[in-house]
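Subject: Structure handover

Hi,

My notes on it follow below.

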Amino acid sequence: MIAANDTLLEVTGLRTVFDTRDGSVCAVAGVDVTVRRGECLGVVGESGSGKSVTFSSVMGLVRSPGRIDGGSIRFDGRDLRALTPKQMRAIRGRDIAMTMQDALTALNPALTVGEQIAEMLIAHDETLPAARGARKTAIREKSVEMLGLVGIPSAADRLSQYPHEFSGGMRQRIMIAIALASRPKLLVADEPTTALDVTIQAQVLELITDIRAKLGMSVVLITHDLGVVAEHCDRVMVMYAGQVVEEGPTDRVIRDPKHPYTKGLLGSIPRLSMRGQPIKPIEGQVPDLIGLPPQCRFYSRCPERVEACLQPIAMHDAGENRHARCIKLAGETVA
């Protein structure tokens, strides 16, 4: 059991629906998430599995035609679904921050880097002095501090530059600097290494790990890459077609995966020991979420499927503080 004071984020039964001309798409179907204070949770799955929508829902960023259709979201003891939009805006950015997948499109091309960090400080930093001159000086000093924290050289000189004047890796660092400006309790890093080369990917991930240790914050790392999760995350949550299919301590899940989808993801990772051998992809496609029958959502692609899978499948105890959504698991049903 997780102690109540050790839990920073607790999501239970979250359902997020998007209304389309063809019908309602349940992009997040009864998801449970727990993030402890100071830990790094890796969230893994193919595109369309509901990873980003889950945490956009947590942050109150889902807009029409999307809507939260059920579930509870508690952050640091507060019920986020009960807050007004104004109250939620005070938490978003200050206590929960998010870095987007593509820094070039997420950053405002018409504002300098310094102006974009200042926006976050003005909105959420209550320690800024009231006097105009002192306030301006404090904002500049803190902006320089944040750029220095994420490893950008000559930080003071680069505040006046625009996003297009930085490389892809530097833009990602700027995104992280903006997100960290208010010293959040939880950082949601959504595909922070998208479109970066391998060397820069490693640098950005090491940066997030280092800053997490310095600030004592929690991190949710959303990614396609189980290799990244294995190196940087304490726990992993595997999502497929809007549901969590497996979760638990990272080393245990990777050492002995229980759900066929997790096994497929691990089997599709290239390894030096596999030289000359073809990679084994997961056959088939993610199912259409409109009118999906009440069965295991991985059924059509699962090499281990049996007739009993043609029914709703709950999460089962998989041992070693793990759970998986597979009917072949023995043990007590927990969800």
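A disulfide here is a pair of cysteine sulfur atoms within 2.5 Å. By that rule the count is zero. Cysteine 296 has its closest cysteine sulfur in cysteine 309, at 5.6 Å, which is too far for a bond. For cysteine 233 the closest is cysteine 40, at 3.6 Å, again too far for a bond.

Before the rest, the ground rules. This is a predicted model: local features need pLDDT of at least 70, side-chain atom pairs count only at pLDDT 80 or more, and totals for chains, interfaces and linings use all residues. Residues are numbered from 1 along each chain as its sequence is written, and side-chain values use heavy atoms, with hydrogens and water left out.

Burial next. Buried means under 20% relative accessible area, exposed means over 50%, and partly exposed is in between (1.4 Å probe, protein chains only). Cysteine 233 is buried at 7%. Cysteine 296 is buried too, at 13%.

Overall fold:
- The protein has 11 helices and 12 strands. These are DSSP runs, numbered from the N terminus: helices are H or I with at least four residues, strands E with at least two.
- The radius of gyration is 21 Å, close to the 20 Å of the globule rule for 335 residues, so the protein is as compact as a globular protein of that length. The radius is taken over C-alpha atoms, and the rule is 2.2 Å times the number of residues to the power 0.38.
- The C-alpha atoms fill a box of roughly 70 × 50 × 45 Å along the principal axes.
- Buried residues make up 47% of the 335.

Salt bridges. The search of the whole structure finds 18. The cut-off is a side-chain nitrogen of Lys or Arg within 4 Å of a carboxyl oxygen of Asp or Glu.

- Arginine 212 pairs with aspartate 234 at 2.6 Å, N to O. Arginine 212 sits in helix α8 (residues 198-215) and aspartate 234 in the loop between α9 (226-232) and β9 (235-240), so the bridge ties together parts 22 residues apart in sequence. Arginine 212 is buried at 15%; aspartate 234 is partly exposed at 38%.
- Arginine 235 bridges to glutamate 247, with the closest N and O atoms 3.5 Å apart. This pair joins strand β9 to strand β10 (residues 243-249), 12 residues apart.
- Arginine 94 meets aspartate 95 at 3.0 Å, N to O. Arginine 94 is partly exposed at 24%, and aspartate 95 is buried at 13%.
- Arg255, Asp256, Lys258, Glu320 and Arg322 form a network of salt bridges.

Which buried residue has no salt bridge? Arginine 173, in helix α7 (residues 168-180). Its nearest side chain of opposite charge is aspartate 210, 8.3 Å away. Lys and Arg count as positive, Asp and Glu as negative; His and the chain ends are not counted. Leaving out residues up to four places away in sequence, arginine 173 touches Val150, Gly151, Ile152, Gln203 and Leu207. Contact means heavy atoms within 4.5 Å.

Last, helix α1 (residues 51-58). Six of its eight residues are buried, so α1 is largely enclosed by the rest of the structure. Just after α1, glycine 60 takes a positive phi of about 70°.

Best wishes
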